[in-house]
Amino acid sequence: MAKIQTKYVCQSCGYVSPRWVGKCPNCSEWNTFVEEAPSPLRVSKKPAGAASRIEPIPMERLETIDAPRIKTNIDEFDRVLGGGLVPGSLILLGGDPGIGKSTLMMQMALEMKGLVVLYITGEESVQQIKLRAERLQAKETKSILLLAETNLDLILDVIERGIPDLIIVDSIQTMYRPGLESAPGSVSQVRESTALLLRFAKTENIPVFVIGHVTKEGMIAGPRVIEHMVDTVLQFEGEAHYAYRILRALKNRYGSTNEIGIFEMHDTGLREVKNPSEAFLSERRYGTSGSTVVSSIEGSRPILIEVQALVTPTSYGVPQRNTTGFDYRRLSLLLAVLEKRVGLHLGSYDVFVNIAGGVKIDEPAIDLGIAVSIASSLRDVSVDSSSVAVGEIGLGGEIRTVGQIEKRVQEAAKLGFKRIVVPHNNLKSLRPHDGIQIVGVYSINEAMEELLG
Ligand code: TYD
Ligand code: MG
């Protein structure tokens, strides 16, 4: 008889080793390996004669099924999903604890009037879920079924007695299969539970949501280990101290991964932000130095947003560089360009950069806005408040072309800005706009002249 081999699995990244090791060769974490007995699901015997019954199908013979989408009735959500939920899809909703995942799911369940939604909770009691629904001022709740259970085998028994239209599992890290020896939340439990839900979603053709917490310490399996199994990976993000929440699709087998949904957390739940530029600029203070408005493209939408910089002399030790919502390494690069090409000596200054509203932007088109804000704060001269800055900065201090310039200009004009500074090379693809002056610049020095005077 073949000897069943135990294996050791890194609880941080899922790396499998035949022996116990102290440091993971894959993710370099220490003491993350846990012994896991082989799962009984894997030791399957091939049924005799089964091979003769399966056959490949000529692709030509298959009909295209245009699956009707199930609307969540939350526009921002449907957009991110690519137009609604696809029946039979397994969707992972990831995010930091406390960001609002359970709230989003409950709000969606409440909006899907007429559909039977089964909400499986492994974290909160049914009473707590009910309290949340009350806080969301729910009226129609009779088609929402609650189940507080973590044993997936029992859960599936319950589900098979009456198949709902949609299932929400909150959260995947609390679910377990009794056949496996490892604890709930371990890599093998999370993986096997997901595999089971995946099979269920496909055979019953209903959408299943699984919530996954992002864990920083890495001792409990994060949603990463199941990203490859699910159809769609959504991420809910935002800064804890701000109300704005952004929903992104990191992977979507049924739609684009470009779209984002913007929400604002209120005391009665999440509200859709239909006009993001207005919302993000609403707290802008005019006439202070270190603030520039940029036009960024998030998904297919242009968003105007304020980028702020604060430059102060370093009081002791090494100068600090600190960013919120912007890539730290990109800031270092911009500081180096400002030093070399503009002659700003920032070596004895602390530099803080903040994207207002708590959103994260990783688009190089906001480079120019950041550089101008830094120069503005250093010189204590405010940036022209009726202007918008757009452009990627190259290592030579040149302003490089950005995509979708027309949309950026339109948005700036729509919000009443009088002038927009853009890369010179973008001018040829732009038509003139009423009410807004378009200024093309070749270099960062030229842009500073335009915006800082
Ligand atoms: P929750 O959905 O429980 O987060 P997660 O499931 O991602 O862990 O919500 C977390 C926070 O949102 C919590 O601190 C309370 C706050 N909240 C509101 O501000 N307004 C509301 O209407 C609700 C339901 C929650
Ligand atoms: Mg929750």
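This is a predicted model: local features need pLDDT of at least 70, side-chain atom pairs count only at pLDDT 80 or more; totals for chains, interfaces and linings use all residues.
Residues are numbered from 1 along each chain as its sequence is written, and side-chain values use heavy atoms, with hydrogens and water left out.

Start by selecting Phe-77 and Phe-209: their ring centres are 6.0 Å apart with 50 degrees between the planes, a tilted pair (under 30 degrees counts as stacked, over 60 as edge-to-face, the rest as tilted). Phe-77 sits in helix 1 (residues 75-81) and Phe-209 in strand 8 (residues 208-213), 132 residues apart; helices (H or I, at least four residues) and strands (E, at least two) are DSSP runs, numbered from the N terminus.

Phe-77 has 0% relative accessibility and counts as buried (buried means under 20% relative accessible area, exposed over 50%, partly exposed in between, with a 1.4 Å probe and protein chains only). Next, pick Phe-236 and Phe-263: with centres 6.1 Å apart and planes at 80 degrees, the pair is edge-to-face.

Now move to helix 7 and select Leu-331, Leu-334, Leu-335, Val-337, Leu-338 and Val-342, which are buried. They cover an arc of only 160 degrees around the axis (taken from the directions from the helix axis to the C-beta atoms), so they lie on the same side of helix 7. Turn to the face away from that buried side to find exposed Arg-329 and Lys-340. Finish just after helix 7, where Gly-343 takes a positive phi of about 80 degrees.

Definitions and conventions
Chains are lettered from A and ligands numbered from 1 in the order in which they are written. Rings of Phe, Tyr and Trp (its six-membered ring) pair if their centres lie within 6.5 Å; planes under 30 degrees apart count as stacked, over 60 as edge-to-face and the rest as tilted.
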